[in-house]
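Please read it with the structure open.

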Amino acid sequence: GESEPNNWQAQMEWAASIGGELPDRVESALLFATLRDEFKEAWYWTREQHAACGAYAWMQHFGYGGQGYYRKSLDYRARAVRRESI
């Protein structure tokens, strides 16, 4: 599922409420490389917090592919994922 823009904590809770979680940074890069057309050209939260500052979390941009970190209090999109054994 995909959520409308919201802060990082709300997006983490939303993803858990539908049985998923936000992708990590590597998974987000893979989603950009393989499924870019399934996303809006916007920033999406990942589940990874910034190691040096807990007020920030990492994001993926699905327009140009960059990653960056932003304050968790800001509102951005999210996509929930589930992992399956194959």
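1. Does Phe-39 count as buried or exposed? The model is predicted, and in it Phe-39 has a relative accessibility of 9%. The cut-off for buried is under 20%, so Phe-39 counts as buried.

2. Phe-39 forms an aromatic pair with Tyr-44. The geometry is edge-to-face, with 5.1 Å centre to centre and 85° between the planes. Tyr-44 is buried too, at a relative accessible area of 2%. Arg-79 lies over the face of Phe-39, 4.1 Å from the ring centre.

3. The whole structure holds ten aromatic pairs. Ring pairs also join Trp-43, Trp-45, Tyr-64, Tyr-70 and Tyr-76 into a cluster. Elsewhere, Arg-25 lies over the face of Trp-58, at 3.5 Å from the ring centre.

4. Helix H1 spans residues 8-17, and its buried residues are Trp-8, Gln-11, Trp-14 and Ala-15. Viewed down the axis of H1, these fall within an arc of 120°, so they line one face of the helix. In general, an α-helix has 3.6 residues a turn, so residues three or four places apart point the same way. Ala-16 and Ser-17, on the other side of H1, are exposed.

5. What do the buried residues of H1 pack against? Their partners are strands S1 (2-6), S2 (43-49), S3 (56-61) and S5 (76-79).

6. On the ends of H1: at the start, a side-chain oxygen of Asn-7 comes to within 3.1 Å of the backbone nitrogen of Gln-9. Just after the helix, Gly-19 has a positive phi of about 80°.

Notes:
Residues are numbered from 1 along each chain as its sequence is written. This is a predicted model: local features need pLDDT of at least 70, side-chain atom pairs count only at pLDDT 80 or more; totals for chains, interfaces and linings use all residues. Side-chain values use heavy atoms; hydrogens and water are left out. Buried means under 20% relative accessible area, exposed over 50%, partly exposed in between (1.4 Å probe, protein chains only). Helices (H or I, at least four residues) and strands (E, at least two) are DSSP runs, numbered from the N terminus. The arc is that of the directions from the helix axis to the C-beta atoms. Contact means heavy atoms within 4.5 Å. A polar contact is a pair of N or O atoms within 3.5 Å; within protein, one must be able to donate a hydrogen and the other to accept it, and residues adjacent in sequence count only if both atoms are side-chain atoms. Rings of Phe, Tyr and Trp (its six-membered ring) pair if their centres lie within 6.5 Å; planes under 30 degrees apart count as stacked, over 60 as edge-to-face and the rest as tilted. A charge sits over a ring if NZ of Lys or CZ of Arg is within 6 Å of the ring centre and within 35 degrees of the ring normal.
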